[in-house]
Amino acid sequence: MPIRNKYLDLLTSIGIPGILDARRNIGEENELMRLASLNKVELLYAQLTQSKKKESLIQKYNETLKKIIEISNGFNDNGLNYAIFKTVKPFPYTPSDIDILLASNNLDRAKTILSHRGYNSIAKDMFCITMY
């Protein structure tokens, strides 16, 4: 089956809110799950198809939300202006990272706040710090 048809199967499996109702595609669930993962809709697909991976993906999603709250609380408590972007979507989604936009003059303070919460800096350039 051409890859285009597999993407169409995935799309019809998850639907498009207000346009196309979701329907469970019985065949090739492993391949569709792989495509869903590549397109960052793995949790949505797992929920709609009642996949075995659903519970572990929900747990990862909840852990990410807790981290977002923890980071937000730290920034709020220290008066930092910031915006979390590209991380929370209008559908069930498990992000691979948390993107935070800060003014450049707050970058070092943000790094200190995150370091005190157990995050380590693994890369830094003029406009970005990657922490884990």
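**Entry 1**

I began with E42, which is buried at a relative accessible area of 15%, where buried means under 20%, exposed over 50% and partly exposed in between, with a 1.4 Å probe and protein chains only. I note that this is a predicted model, in which local features need pLDDT of at least 70 and side-chain atom pairs count only at pLDDT 80 or more, while totals for chains, interfaces and linings use all residues. Residues are numbered from 1 along each chain as its sequence is written, and side-chain values use heavy atoms, with hydrogens and water left out.

I then looked up the partner of E42 and found a salt bridge to K53, at 2.5 Å from N to O; the term requires a side-chain nitrogen of Lys or Arg within 4 Å of a carboxyl oxygen of Asp or Glu. E42 belongs to helix 3 (residues 42–49) and K53 to the loop between helix 3 and helix 4 (54–77), so the pair ties together parts that are 11 residues apart in sequence. Helices here are DSSP runs of H or I with at least four residues, strands are runs of E with at least two, and both are numbered from the N terminus. K53 itself is partly exposed, at 37%.

**Entry 2: the other salt bridges**

How many salt bridges does a search of the whole structure find? I recorded four. In one of them D99 pairs with K86, the closest N and O atoms being 3.9 Å apart. Because D99 lies in strand 2 (residues 99–102) and K86 in the loop between strand 1 (82–85) and strand 2, this pair ties together parts that are 13 residues apart in sequence. D99 is buried at 17%, whereas K86 is exposed at 52%.

I also found R34 and E31 joined by a salt bridge of 2.8 Å, N to O; they are three residues apart in helix 2 (residues 29–38), which means a separation of about one helical turn. R34 is partly exposed, with 40% relative accessibility.

**Entry 3: aromatic rings**

My count of aromatic pairs came to one. F75 and Y82 form this pair, edge-to-face, with 5.2 Å from centre to centre and 65° between the planes; by the rule, rings of Phe, Tyr and Trp (its six-membered ring) pair if their centres lie within 6.5 Å, and planes under 30 degrees apart count as stacked, over 60 as edge-to-face and the rest as tilted. F75 is buried at 1%, while Y82 is partly exposed at 24%.

**Entry 4: pockets**

I looked next at the largest pocket, whose volume is about 910 Å³. On a 1 Å grid over the protein atoms alone, a pocket is an open set of points with protein on both sides within 12 Å along at least five of seven lines, a cavity is a set where a 1.4 Å probe fits but cannot get out, and lining residues have an atom within 4 Å of a point. Grid points are joined across faces, edges and corners, and a volume is the space filled by probe spheres set on the points.

The largest pocket has 30 lining residues, with D97, I98, D99, I129 and M131 nearest its centre. Helix 4 gives the most to this lining, with six residues.

The second largest pocket has a volume of about 190 Å³, and helix 1 (residues 3–14) supplies the largest share of its lining, four residues.

**Entry 5: the cavity**

Finally, I found one cavity of 30 Å³ or more, with about 50 Å³ of space in the largest cavity. Its lining includes Y61, K89, F91 and Y93.
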